Amino acid sequence: MRRMSKIAAVTMVGALALTGCGSNSGGGGGGGSSSSGGSASEDVCKSKTDGDGPKIGLAYDVGGRGDQSFNDSAYAGLEKAVEDLDATCVEANAQTDDNDTTRAERLRTLAEGGVNPVIAVGYLYSPAAAKVAPEYPDVDFAVIDGYASTIATDATNLADLTFAENEGSYLVGVAAALESKSGKIGFVGGVDGELIQKFEAGYVAGAKSVKPDIDIAIQYLTQDQADAATGYENPSGGKAAAEAMYQDGADVVYHAAGKSGLGVFQAAAAAGDGNWAIGVDSDQYLTAPKDQQPRILTSMLKRIDTAVLEAGKAVQDDSWKSGFVTYDLKSDGVGYSTSGGFVDDLKTQIDEAADQIKSGEVTVPAKPEN
Amino acid sequence: MSVVRRAVVVLAAPVLALVVAGLIVSGLLLATGDDVAGFWRVMTTVPSERSIVAIMNQSTILYVSGVAAAIGFRMNLFNIGVEGQYRLGGFAAGAFAGQAWLPGYLNTVVAILVAMLVGALWAGIAGVLRAYRGVSEVISTIMLNAIAGSLIGYLIKRWGESTGNATNTKAMPEGSRIGTVAVFPDSPVELYGLGLLAVVVGVGFWVLLNRTRFGFDLRATGASESAAVASGVDTRRMIVVTMLVSGGVAGLIGLPVMFSQSYNYGSSFQTGLGFTGIAVALLGRNHPVGIAFGALVFAYLSQQANLLNIQAGISPDIIEATQGIIVLAVVIAYVVVRRYRVRQEQAQVARQLDDAPPGAAPASAATPAGGAR
C-alpha cells in the first residue's frame, strides 16, 4: 500500500509535469521571444477596463492565447475592437478535460458577467452555445467554425462564424508548388477531421493546379477526434512530422495544427536554406523568432480577427445576424500574407488564382479526394 | 486510543494536506504576480445552485474513475490504462446505442454492459500480459491508451458521421436516453441520470472489498504477495480478474454524460478523466468513502477554474498545479501522521510495560505493526 502510494505519487507528478512540458514547449519555442507573447501586462482586456463600446467575452479553444495561430487570431480581433469600437473584453481559457457542461458553464459565466457578445472560439463549443443561447436572450452568442445554429434552430441570438479555409489554403498551395524545387511538398494537420481536411483539400488542389504531378506528403498528428491536445497543443509532434518530410525531400511544409505548428517552424529552421514552412490562421511571420522568420514563406490568413471585430460591431449597431455567416476569399475572410517578401515574385500567379476563385471559375473542394 | 483521538488522527492528514497545499498555491500565485486575494475570494465563495449541480455531476464521474483505479491499487496493480479503457468502452457503448438494434431502455442496459465488457477486455489484455508474460502493467496500459485513441479515431472516421465540423457516432434514439434530475427548480444544469451509477459502484466496491472472498484475496495479495501465495491465493488469476473488474468499472466513466447530454460518442467526449481518477484514488486512500471526498475536492477545483479564470484573471493551469500539489501534500501528510501515530503507539506500549510487574512481558512483543523508526 505504502510503496504503491509513493509510486503512484511519482507517476502522477510525472504525468502532470509531462503535460506541463507539452504545453509549455510551445511558448518556449517562440512565444517567449515574440512580440505578441502572452504576458498579462500586455493584455488589452486587463489594461483597458472601461470604454463606451461593447464588452466582448471571448472563450478560447484548446491551445489558448499565445498559440500564435488560431486563438491569437481571435485575440487580434479583440485588440482591434478595443481600438476601433472602444470595446472592453473578458477572456476565458479552455481546459483539456472539458465536456459540454463545463463549456456551457464557461459561456454562462461570461454572459452573467455582463458581456455582449459572447464569442466562443472553436467548433467544440457548438453544443454548449446552442444550449446556453436560449437561456440568455439578451446576449448574442457566436461560435467560430461552429454549427450551433443547426442545433438551436430557433435562436435569434446565435451565429456560427465559418470560414472558407479551403480557398485560402488553395492560394498557399499555389505558392508552395511554385516555390518547390524538389517537386515534393508536405502538409501537417492537427486532428484528422472535417475541419482540418478542408485545409488539406484546398492546399492539395492549389498545388496540383500549378503542378499536376506534384508529390504531397500528408500527415495528421492524431486520428483521435477527442484528443485536441495532441493535435493542436503539441509542438514536438509537429516538429517530428515536419522533420520527416524535410528529410524525405519535401521543401515546403504547410501546417494547420494551431500551436503544434510552432514545431513545424523549428523543423524548417533546422532544415535550413531552400526549405520553407507555411503558417496558418495568423500572419505567423510576425510572431516567429528571428531564426525562423527567413523560413516562413507565407501564411494562410483566416480572419478570425475580422469576425470578432464585426461581431462586436454588430452588437454596437444592433445589427446582429443569426445563423451561418461565411467568411470567404471574396469577403476577405481568408487570404495569404506577404510579410517577409518571399512570395513577392509569385504574387501575380497567386492573385490570378484568387481571381479565378472569386469569379467562380475555379471551385475549391472542401474534402480530400480519397 | 480513544475514538475521538482516533478520528482526529484520521482527519489530521487530509486537513493538514489541504492547508499546506493552500499555502503553497498562494506562494505560487505571489511568485507569478497573480491576484492572490482574488483567488481566495473565488475559492471561498459559496457556489451558485448551478455550480453545485455541476460539481455533483463532475464528482460522480470522477468517483467512478477513482474506484476503477483503486481496485487495481488495492492489489498493487497500477492500472494507468483507465483512460483508454473508459474511452474505448464509451465509444463502444455510443456506437452500439446509436445503432438502435434494441428498443427503448433495453438498448441502454445492453449498451452499459457493452461499455463494461469492452473496458474489461481492454484492461484484460494488460492483465494477461502481466500474469503470464511478466509485462509491467504500467507500460502495457500506457501503450494500450495510445492504441485505444487511434483505434477509436480510425473506426469513427470509417463509420461515424459528421455534424458540422465535429465527427461522432450516430445519435442514440430518444427512447434510450436517460433524463436528468432537477436538483434546484431554476438551475439550467441538472443531475445526470446515470450519476446513480456512482452510488452503485461505490457500494459494490465496498461490498467487494469487505464482504467477499475475492475482496479478501485482493487485500491479502496487496498487503503481501508471498503471504497470499503461501495461503493458497492464485495470484495469476487474481491479476487477470482484478484488471477485468477495474476495466469494467472504467467502462462506465463516460456514460453519464453520454446518455444524458451528448447522446453520441464524438469530438466533444471528455478526455483525461482516467488520469484524474488516479489522483482521486490516491487522495481517497483507495477507500470507498475517501475516494468520494477526493472526487468532490477535484470536481470543486475544476468547477472553480472557470470562475477564477473569468473573475480573477487567473489561468486554469493554476488549478491543475493545485491538484498536483494537493496529491503530493496528501501523500506526505499521511506519512507524517502515520509516523506520529506509530510513535504514539510505541510510547503507549512502553508506558504499559513500565506499569506492568517486572519480568512479565518480553520486550519483543512491544513492537507495533508496521513499526517504522
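**Note on the cavities and backbone of a predicted model**

1. The largest cavity has a volume of about 250 Å³. A cavity here is a set of points, on a 1 Å grid over the protein atoms alone, where a 1.4 Å probe fits but cannot get out. Grid points are joined across faces, edges and corners, and the volume is the space filled by probe spheres set on the points. Searching the whole structure gives eight cavities of 30 Å³ or more.

2. This is a predicted model: local features need pLDDT of at least 70, side-chain atom pairs count only at pLDDT 80 or more, and totals for chains, interfaces and linings use all residues. Residues are numbered from 1 along each chain as its sequence is written, chains are lettered from A and ligands numbered from 1 in the order in which they are written, and side-chain values use heavy atoms, with hydrogens and water left out.

3. Next, the lining of the largest cavity. It comprises 21 residues (lining means an atom within 4 Å of a point). Asp61(A), Phe70(A), Leu195(A), Ile196(A) and Tyr232(A) lie nearest the centre. By class, 12 are nonpolar, four polar and five charged. Ala, Val, Leu, Ile, Met, Phe, Trp, Tyr, Cys and Pro count as nonpolar, Asp, Glu, Lys and Arg as charged, and the others, Gly among them, as polar.

4. Where does the lining come from? In chain A, helix 3 (70-84), helix 7 (194-210) and helix 8 (228-232) each supply at least two residues. Helix 7 of chain A gives the largest share, three residues. Helices (H or I, at least four residues) and strands (E, at least two) are DSSP runs, numbered from the N terminus. Domain 1 (40-164 + 305-327) and domain 2 (166-301 + 336-359) of chain A each contribute at least three lining residues. Those bounds come from an automatic or database domain assignment.

5. Check one peptide bond. From Asn116(A) to Pro117(A) it is cis, with omega near 5°. Pro117(A) sits in the loop between helix 4 (100-112) and strand 3 (118-121) of chain A.

6. Two residues other than glycine have positive phi. Asp281(A) has phi near 70° and belongs to strand 9 (residues 276-281) of chain A. Its relative accessibility is 6%, so Asp281(A) counts as buried (under 20% relative accessible area; exposed is over 50%, partly exposed in between; 1.4 Å probe, protein chains only). Tyr263(B) has phi near 60° and lies in the loop between helix 11 (255-262) and helix 12 (273-283) of chain B. At 24%, Tyr263(B) counts as partly exposed.

7. Chain A overall: 12 helices and 12 strands. Of its 370 residues, 62% count as buried.

Definitions and conventions:
1 Å grid on protein atoms, 1.4 Å probe; cavity = no way out; pocket = protein on both sides within 12 Å on 5 of 7 lines; lining within 4 Å.
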